[in-house]
Amino acid sequence: MELKPNQVRLMLLQVADAIIAAEPMLSQADRDLGDGDHGLGMARGMEAVKDQLEKLDPGTVEQVFVTTGTAMMSSMGGASGALFGTLFRAGGKALAGRPALDSEGLAVFLQAALDGVMKRGGAKPGDKTMIDALAPAAEEAGKVIGKPLNEALTAVATAAEAGKDASKAMVAQFGRAKTLGDACIGFPDAGACSITIILATMRDFATI
Ligand code: ADP
Ligand code: MG
C-alpha cells in the first residue's frame, strides 16, 4: 500500500483539520508548561496549509510536504513555526524523486524531519520537546520498512504517542517551560502532542 501525491495532499488536509479541532487541547498543554500559544499557532499554520493545499495539483509527494512546511513557516512565526516548517520541508525534500509515499518513504521522511528539527533547534531526545515524539516515531519507521504503509503508520503513531507520554516525566531544557524546572513534571510537551495528532491522523487516513 502506498499513497500517490494527490492522496498525500488529501491526507495532509485531514491532518490540518485534526490540528485545528485539537486547538483547545494543544493550547491547554502549552498553558500547563509555557505561554499557551501553541494551539493557536498550530491552528493558524494549518489554516494556511489548507489554503495552499486546496488549490494545489501536486506532481510529487515532495511538493505536497514542502508546500505544507512553507505554509507553516510563513504563517506561524516564532520558534515553532520555524521548527514545524523545517520538519515538513526537510522531510519532504528527502522524498525527491519518489512517485508515491510507501513505508520506506515514511522512514526517509521522518528521519530527515528529525535531523532537520534537531539541527535547527539544537534540542535532543530527553529535552521535553516535539523531538521526544518525533525521534521514537522515526526509529520505529526504520524498523517497519517493507510493511504496507497503513501498518507502518499504525506502529509509528503508537511510538509517537508513547514518546509523548514519556515526555511527562522530563524536565524541559528548551522554550518557556525551561524556567519551570521540576514543576513541569507530569505534563506532556505541547509540541509532542501535536506530533502525536499529526501521525495518528495520517494512520487513520491510511487505514480507512
Ligand atoms: P513558543 O515556544 O514560541 O511559545 P509554541 O508554543 O508554538 O512556541 O511551541 C512550543 C513547542 O515547540 C514546545 O512544546 C516544543 O515541542 C517545541 N520546541 C520549542 N523549542 C524547541 C527546540 N529547540 N527544538 C524542538 N522543539 C522545540
Ligand atoms: Mg508557546
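**Group meeting: a walk through a predicted model**

At 0% relative accessibility, G39 counts as buried, where buried means under 20% relative accessible area, exposed means over 50% and partly exposed lies in between, with a 1.4 Å probe and protein chains only. The model is predicted, so local features need pLDDT of at least 70 and side-chain atom pairs count only at pLDDT 80 or more, while totals for chains, interfaces and linings use all residues. Residues are numbered from 1 along each chain as its sequence is written, chains are lettered from A and ligands numbered from 1 in the order in which they are written, and side-chain values use heavy atoms, with hydrogens and water left out.

G39 is found in helix 3; helices are DSSP runs of H or I with at least four residues, numbered from the N terminus. G39 touches E23, L26 and S27, leaving aside residues up to four places away in sequence, and contact here means heavy atoms within 4.5 Å.

The expected span is 1.5 Å times one less than the number of residues. Among the buried residues of helix 3 are H38, M42, K50 and L53. What covers them includes helix 1 (5-21), helix 2 (23-33), helix 4 (61-76), helix 5 (78-93) and helix 9.

Let us turn to helix 9. Helix 9 runs over residues 190-207 and reaches 26 Å from its first C-alpha to its last, close to the 26 Å expected. Of its 18 residues, 15 are buried. D189 caps its N-terminal end, with a side-chain oxygen 3.0 Å from the backbone nitrogen of G191.

Which residues touch the most other members of the largest nonpolar core? They are V8, F65, L87, L101, L110 and L199, in a core of 62 residues. Helix 9 gives the largest share of this core, 10 residues. A nonpolar core is a set of buried Ala, Val, Leu, Ile, Met, Phe, Trp, Tyr and Cys residues joined through side-chain atoms within 4.5 Å. L87, for its part, touches residues including F109, M130 and I195.

Next come the ligands. The magnesium ion (ligand 2) has D30, D35 and D37 as protein donors, through OD atoms lying 2.0 to 2.3 Å from it. Donors are N, O and S atoms within 2.8 Å of the metal (3.2 Å for Na, K and Ca), and sites may look incomplete because water is not among the atoms. D30 is buried, at 12% relative accessible area, whereas D35 counts as partly exposed at 35%.

Ligand 1 is surrounded by 16 residues, the closest being D37, S80, M130, R176 and D189; a residue is near a molecule if one of its heavy atoms lies within 4 Å of it. A polar side-chain atom of S80 lies 2.6 Å from an oxygen atom of ligand 1. A backbone N or O atom of M130 lies 2.8 Å from an oxygen atom of ligand 1.

K128 is buried, at 2% relative accessible area, and its phi is near 65°, a positive value in a residue other than glycine.

How values were computed:
Helices (H or I, at least four residues) and strands (E, at least two) are DSSP runs, numbered from the N terminus. A polar contact is a pair of N or O atoms within 3.5 Å; within protein, one must be able to donate a hydrogen and the other to accept it, and residues adjacent in sequence count only if both atoms are side-chain atoms.
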